[in-house]
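Dear colleague,

Please find below the structure that I am handing over to you. I would be grateful if you could look through it before reading my notes.

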Amino acid sequence: MPIRDAILLHGVWVPGLVMLPLARRLAREGLRCHRFGYGGRGRALAANADDLARFARSVGPAHFVGHSLGGLVILHTLNSHPELEVGNVVLLGTPACGSFSGRRLARHGIGRWMLGETQPLWQDGEIMRWKRQEPLGVVAGTLPMGLGRALGPLPGPNDGVVCVEETAVQGMSGHLTLRVGHSAMLVSARVASQTAAFLREGRFRDEAR
């Protein structure tokens with residue numbers, strides 16, 4: 001039977017409640033959405049991943065959708081737990097290979113405090129690898145509106161927080177760019193529609209945009 005459940009993860013500094021608009025739109029597409037809340041800046045990635053693995057087992061076979069840091073938690077969890085039954089996976093504005101804006105923020109004391117336990121994740125690194133067979137889709141924004149621009153412009157196309165090139169994941173099945181800002185992804189009807197399409201079919205409707 002087709003998988004109908006989807007687990008949604010928020011980004012850093014915000015509660016799981018911010019995923020509600022996206023969850024409602026996905027529910028209208030026939031998906032049962034489960035919002036997973038985790039410790040953002042105050043907890044290490046591995047600990048959040050272990051909690052997500054336990055939560056996923058309680059839900060059963062499910063698709064996954066992660067925004068920003070939530071996408072990193074999903075990648076780490078599913079790569080580390082190959083026994084989990086997974087459908088399709090969509091990452092929204094996830095800095096999979098480091099973050100220019102995060103590194104710039106970490107130069108300041110208040111910035112290091114804001115990043116907390118997540119600070120190592122924003123350093124330069126190799127492209128994240130997807131080690132599973134299930135389809136992985138990545139959405140990157142190109143409307144530069146977000147907190148990452150508070151300290152100056154970002155290099156290349158970006159969503160105001162994460163650069164498009166930072167969202168690349170080795171082994172991904174699709175990479176879609178949309179004219180949307182980082183936080184606005186969560187309330188965008190277009191993002192929700194493309195996410196639902198990928199969860200159903202394992203591909204975006206139109207990757208040429």
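The notes below cover the fold, the surface and the nonpolar cores.

This is a predicted model, in which local features need pLDDT of at least 70, side-chain atom pairs count only at pLDDT 80 or more, and totals for chains, interfaces and linings use all residues. Residues are numbered from 1 along each chain as its sequence is written, and side-chain values use heavy atoms, with hydrogens and water left out.

The protein chain contains six helices and eight strands; helices (H or I, at least four residues) and strands (E, at least two) are DSSP runs, numbered from the N terminus. Their order along the sequence is β-α-β-α-β-α-β-α-α-β-β-β-β-α.

The chain has 209 residues, of which 51% are buried, meaning under 20% relative accessible area (1.4 Å probe, protein chains only). Its accessible surface is about 9300 Å², with 55% belonging to carbon and sulfur atoms; areas come from the Shrake-Rupley method with a 1.4 Å probe. Among contacts (heavy atoms within 4.5 Å) with a separation of 6 or more, 72% link residues 24 or more positions apart.

A nonpolar core is a set of buried Ala, Val, Leu, Ile, Met, Phe, Trp, Tyr and Cys residues joined through side-chain atoms within 4.5 Å. The largest has 26 residues, and F64 and V89 touch the most other members. Elements giving two or more residues to this core include β1 (5-9), β3 (62-67) and α3 (69-80); α3 supplies the largest share, six residues. Beyond its neighbours within four places in sequence, F64 contacts residues including I7, L52, V89 and L199. Another core, of 22 residues, lies apart from the largest one and includes L8, L31, L176 and A192.

Yours sincerely

Methods: Buried means under 20% relative accessible area, exposed over 50%, partly exposed in between (1.4 Å probe, protein chains only).
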